Amino acid sequence: MARTLFVLRKHKALYLLMLPGVLYYLIFKYVPMYGIIIAFQDYSVSRGILGSKFVGLRHFVEFFVNTPDSWKLIRNTIMLNVYDLLFHFPAPIVLALLFHELKIRWFKRIVQTISYMPHFLSTVVIAGIIVTFLSPSTGVINHLLVRWFGIEPIMFLGLPEWFRTIYVGSEIWQKVGWGTILYLAAIAGVDPTLYEAAKIDGANRFQQVRHITFVGMVPVMIILFVLNLGHFMEVGFQKILLLYNSMNYETSDVINTFVYRRGILDADFSFATAVGLFQSAVGFVLVVTANRIIRKFSDTSLW
Amino acid sequence: MKRKTGLGSMVFDTFNVLVMLVLIIVMLYPMVYVFSASISDDAMVSSGQVLLLPKGLTLHAYKTILNNPDVWISYWNTVRYTAVHTLFTLIVTAAMAYPLAKKWLPGRRTILLMAAFTMLFSGGMIPTFLVVQKLGLLNTIWAIVLPSLVNTWHLFIMRTFFEALPEELEDAATIDGCGPVQVLIRIVLPLSMPVMATIGLYTAVGQWNSFFDALIYLNDRSMYPLQIMLRNILIAGSTIEAESNASELQTLKYALIVVATLPILCVYPFIQKYFVQGTMIGGIKG
């Protein structure tokens, strides 16, 4: 105790510097974690956490057993992620390889700069562009379809079967260019003598890409994959919130949008917290497990 | 570097350039279209005559927007949220990262772990909302600034940067009688401009573009930032003026997108370097 006080006093200025940041973490990160207790209560704002009645797992039972939509929400959350991992995750890897193989430097720089641009558009702007472009009566996509292929206008956002394509497609459009940066940095870090050695051994260009460039990117892929799993349960829920509507709920409604509706709009705090806790717990288990598996099989890991 | 070019290799190079040209078109088309449509005649836009280049040039949509007081108010709100958020974030993050860069400081590990854990697990949307509500921050600028004040990723980037600074400089200043705060302000920060710029820009662009915190924490129209205003008009379908018809609304939407995005796309060529830099520092394991 006396020693702690001594240390605190000796480095008083340094600890004081940290104080605002530490307070931030305590108030806005750790107090909410304590607040998770209300998932097991019938929380009422007037009675507070200490005065509210404890109800055990009732809200979880309510969600899994009595909410007819619960499996749909879980399925949509998983499917949007699976689609994202299948199509969006490999896209920057392929693009980085193509960028790397471009010989004309000024052309390469222009393509890169242009492909980074959509990254800076806000989610609202992206969603706004999607909604207006896809409008069946006035949107440019339907105008083009009618003009070139003579098809009847399609009400894209009103049809559940289109939602996943729209979501993942716009994700790729916005993020593929920016996503190449880390991979290009990894490629730049590859030892150039490896290429020389490969050439002496008679490796052609495609073999060099496959065995040297690609292999150099693997650690970044692993890290990004684990980080992706960390956000698995959240999906791009802010974009979904802007794009979904009651006509496409069948494929667009995810756990987080449900938490938003029940918690913020209906003020059903305890129930929404319980559903949110299920989501964060699964996310936590996913990252920890993925990291453990990766650490076993390779030198790269998140921690 | 000169490579022996085989036929397969040449075919690939041609194919690659073609792919890149397609990529440029795909990336630019939506942005060009939005701009063209915003300066075109509204009837021509909604009937599908404008496909790439503007037709029936008019600035009508921009005039309507600039005459709308709500647009100005939300613009001002966004500017002020962005400025205050960025300033506070830089101060608090730097002040926290500096002691954490001192390897000998007792308790450093505990605080680092405490921060790192929040990247893996969080209380979630509702408990955080309740904290903000309990603190009486709803409908104030602090509901926008405080809940996302420190980004753990940025904190670690800054700490890594501070750790790499030569210790001799700080020691010299300490011998001259400077306290830690003075060392931070006079020696460390001036040397850390690249990392400060990168993190400041990330925070600023992030705040400029964000809408979700404003959506749940603000319900007073006069507090709405630009993105909420955009959302209401672009997506929720509220109209900017009572008398505007459907086709006029269409061009108004495009003009609004341009007005909201222009500041960022204008500075983008100058700040791209810092962003690329930031992504790379972030990529190095701290």
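Predicted model: local features only at pLDDT ≥ 70, side-chain atom pairs only at ≥ 80, totals over all residues.
Where in chain A does A:Ala267 lie? Residues are numbered from 1 along each chain as its sequence is written, while chains are lettered from A and ligands numbered from 1 in the order in which they are written.

Back to our residue. A:Ala267 sits in the loop between α15 (255-265) and α16 (269-297) of chain A; helices here are DSSP runs of H or I with at least four residues, numbered from the N terminus. Its phi is near 55 degrees, a positive value in a residue other than glycine. A:Ala267 is exposed, because 11 other C-beta atoms lie within 10 Å (exposed means 12 or fewer, buried 20 or more, partly exposed in between, with C-beta atoms placed from the backbone).

B:Asn139 is partly exposed, with 13 other C-beta atoms within 10 Å.

Now, how do the chains meet? In chain A, 66 residues are in contact with 72 residues of chain B, contact meaning C-beta atoms, placed from the backbone, within 7 Å. Helix α2 (residues 12-35) of chain A gives the largest share of chain A's side, 16 residues.

Finally, chain B is assigned domain 1 (7-66 + 240-283) and domain 2 (69-222), with bounds from an automatic or database assignment. Their C-alpha centres lie 32 Å apart.

Note on methods:
Contact = placed C-beta atoms within 7 Å. Helix = DSSP H or I, 4+ residues; strand = E, 2+ residues; numbered from the N terminus.
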